[in-house]
Amino acid sequence: MTTMPPPPRLSSAPPPVATSGISLDPAKLLRKYLVVLIVSTIVAIGLGVAVYFQQLYFNPQFESTVRYEVTSAPDSLTGQDEARNLDELEFFMNTQIQLMQSAEVLDATVSNPAAANASTWYAEYSEGGSFQPAAALRAFEDQLTASVVPGTFLIEVAVRYRSGSDAFRLVGLHRDVYMQNWRTRTNTSQNQQQIDIRAQVDELTTRIDSLQDRRENRLTSGDIDSLNEQQTNAARQLDLATAELIMKQQEIAQVAELRDTYREQLDSPTGSVTYPDSVRAEVESDPRLAVIRNQLNALEVQRDALTASGVIGPNHRELTTLRAQIDAQRRKLESERQSLLAERFDGLVDSLDLNIAGLRRQESELLRKQETEKIEKARLLREIAEIQDADQEIASLITRRAELEAAADEFATLADTERSDRIQVALNPRLPDGRAWPKAFIIIAATLVLFMGAVSGLILLREVLDQRVKGPGDITAMGRTRLLGVVPNAKEDPGSPSDISACFLDHPSSVIAESFRQIRAPALKLIQQAGHKTITVLGASPDSGTTTIATNLALACAASDQRVLLIDANMRRPALHRVFDAREAPGLADVLTGNAGLGEAVQATRAANLDVLTAGDRERRLYEGLATQGMSALLDEAASAYDIVFIDVPPAIVSGDGLAVANRTDASILVARAMFEKKGSVNRVRSELTDAKSELLGAVVNGVRSAAGGYMRSNILATHDYHSKQDSPRPAKTSNKG
């Protein structure tokens with residue numbers, strides 16, 4: 001048989017998502033444990049009644065209450081808006097509740113001689129004629145409760161005790177002790193508040209005087225206006241010094257620029273210097289040049305005189321000598337001029353350096369002056385700011401002192417009025433006219449809730465810890481597994497089939513036979529659409545019912561005109577030869593070992609269109625033969641002769657034969673037995689079949705009980721009733737019910 005990739009899934013819908021969560025159906029759980037829940041409810045009610053009478057006999061409780069009305073603090077004292085007053089009132093009420101339940105008030109109550117009037121209570125905490133206040137205090141802490149009445153400004157204090165008259169006397173005594181404690185606290189608090197306010201006023205007065213002294217010491221010139229004028233003058237002097245400094249810096253920059261220009265000319269490699277006109281004028285007026293010019297003029301006059309006399313010619317030796325002297329004198333004049341220009345130019349550059357140095361000194365003086373003016377201006381500004389801050393603080397302190405003085409006067413006025421007493425008794429205690437405890441409805445309801453909660457928790461815990469497959473929902477919850485159908489438990493079939501291994505043939509009208517018809521429809525659709533021929537039927541564990549499923553599914557397919565071959569590949573515990581009363585050999589083992597051909601080994605059954613290939617001779621059953629090419633060849637030959645070939649194999653957890661066969665067939669069907677197999681085992685086999693070369697068509701859940709989530713009991717009965725009457729005579733009056 002050639003190996004082909006598994007065909008594509010037929011369903012267009014995406015496979016279900018695998019989940020590790022536990023799926024519990026409340027309706028199914030209710031049906032399953034309905035009797036347990038009914039019995040538990042009856043037991044819980046009975047237990048509640050018993051607890052009620054026990055409490056009624058041993059622990060009856062009477063309650064007496066007193067209510068206090070709480071008012072807000074005077075607005076003029078708190079100075080708060082309405083929302084803040086409500087917050088303050090809530091805080092005040094909670095504080096009073098703590099005081100009412102404090103050890104101080106409770107101890108004063110139980111230690112009061114008037115507590116002896118509660119005779120039963122007093123006697124309970126007396127030993128040898130001596131009252132035990134410590135034991136009474138511990139008990140009274142539990143007997144007394146205090147709380148705010150919802151939606152009101154009332155505080156309710158209640159005392160519970162098994163004697164109504166004692167509860168009445170104790171709560172009244174507690175009222176008297178608490179009110180006395182409150183008045184004492186109020187008077188002490190009011191006096192202390194007045195003292196605190198006066199101390200704050202005195203402290204503010206001292207701070208105001210100190211600030212005023214400091215302010216006066218800051219005013220060095222008499223008043224703040226003088227300081228402002230000094231600050232203005234300091235700012236003006238600072239501006240003048242800054243302007244003068246800027247001008248001096250500009251002058252330094254100009255002189256330095258001129259000096260640098262002259263130095264660049266002196267340092268020039270060409271030696272060419274452009275002398276200023278002032279330097280040239282000064283040099284031309286120098287006496288030394290005047291002497292040389294006079295000598296030059298005298299020689300030129302003498303030359304001109306000789307030339308004009310005509311006595312000598314132009315080339316006369318004397319005239320030539322004069323010309324040479326004139327040229328020499330001119331060169332001397334120019335040389336002296338250049339020497340004087342260089343001398344005077346160097347002197348000019350040196351004078352510029354001296355001028356810059358002087359300007360730098362003037363600049364330093366101006367910088368010091370500017371810094372001094374800045375310091376003075378900052379000092380004056382700081383003095384003014386400190387004085388202004390002192391003025392503001394003095395004004396604020398004076399205002400606060402005035403407010404405290406007004407509050408002190410008003411507090412002294414209000415301290416003697418009723419408004420200062422924020423707590424009044426609104427409702428005095430009354431003698432109880434009935435028991436506060438026990439209440440039959442409360443005890444029975446609470447017992448019922450607790451008991452049923454415990455029972456429900458145990459049921460849920462049992463279901464969570466029970467990892468068995470209970471029904472089809474557990475299979476579909478595994479993910480990537482199609483449900484082909486379910487087979488109900490044989491004990492719930494009203495037809496009571498004695499043997500279900502071939503139930504479809506022996507009991508065709510039974511509910512179990514009908515379940516295989518329902519499985520056949522989707523199975524055939526998948527097989528025919530994908531062109532499958534060979535189908536492995538595999539269970540996870542022994543007794544999962546694989547042989548029963550394979551046999552009845554083969555019978556159901558044969559009944560629909562399909563030529564079917566059923567192969568017993570369970571060589572360890574073969575069963576098909578007993579189901580069909582066939583010979584055990586020759587069979588599959590004989591064909592695989594070559595001792596018989598497929599046609600010789602196949603046997604016809606009493607069902608039309610169904611043949612069976614038994615396991616074969618016991619001596620020739622080699623488990624390894626199922627994983628050989630011979631097995632593939634046998635399946636190819638069977639597929640060519642039959643429409644469908646079903647192969648019954650051993651369970652997966654005890655043998656690998658089933659997976660070996662599944663890797664050589666076209667498809668596989670997983671069988672899981674309800675209330676028998678663990679979800680983990682079934683899920684592992686499902687994963688192995690999914691990874692095999694054959695396509696996993698789906699799963700069949702076998703032995704499903706109605707209470708465990710399979711067929712509902714009413715559906716099973718309806719199916720049986722319908723089939724059992726199908727051959728009865730038609731009634732005279734027709735009906736559309738079918």
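Colleague: Which helix gives the largest share of the nonpolar patch?
Modeller: That is helix α2, residues 34–58, which contributes three residues to the patch. Keep in mind that this is a predicted model.

Colleague: OK, and which residues make the nonpolar surface patch?
Modeller: Leu-30, Leu-34, Ile-38 and Ile-42 make it, and the patch covers about 370 Å².

Colleague: Where does Ile-42 lie?
Modeller: Ile-42 lies in helix α2.

Colleague: And is Ile-42 buried or exposed?
Modeller: Ile-42 counts as exposed, because its relative accessibility is 56% and the cut-off for exposed is over 50%.

Colleague: Switching topic: at what angle do helix α5 and helix α7 pack?
Modeller: Helix α5 (residues 103–111) and helix α7 (residues 133–143) pack at about 125°, and their axes are 9 Å apart.

Colleague: Is the crossing left-handed or right-handed?
Modeller: α5 passes α7 in a right-handed crossing.

Colleague: Now for Ala-582. Where does Ala-582 lie?
Modeller: You'll find Ala-582 in the loop between α18 (576–579) and α19 (588–592).

Colleague: Why does Ala-582 count as buried?
Modeller: Its relative accessibility is 17%, and buried means under 20%.

Colleague: Last one: how many residues apart along the chain are Ala-582 and Thr-605?
Modeller: They are 23 residues apart along the chain, and their C-alpha atoms are separated by 7.9 Å.

Note on methods:
Residues numbered from 1 in each chain as written. Predicted model: local features only at pLDDT ≥ 70, side-chain atom pairs only at ≥ 80, totals over all residues. Heavy atoms only, no water. Patch = residues over 30% accessible without salt bridge, like charges linked within 9 Å, V, L, I, M, F, W, Y side chains within 5 Å. Areas by Shrake-Rupley, 256 points an atom, 1.4 Å probe, with all protein chains shown as cover. Salt bridge = Lys/Arg side-chain N within 4 Å of Asp/Glu carboxyl O. Helix = DSSP H or I, 4+ residues; strand = E, 2+ residues; numbered from the N terminus. Buried < 20%, exposed > 50% of the residue type's maximum accessible area, 1.4 Å probe, protein only. Axes fitted to C-alpha atoms, helices over the stretch in contact; angles between N-to-C directions. Left-handed = near helix turned anticlockwise from the far one by under 90°.
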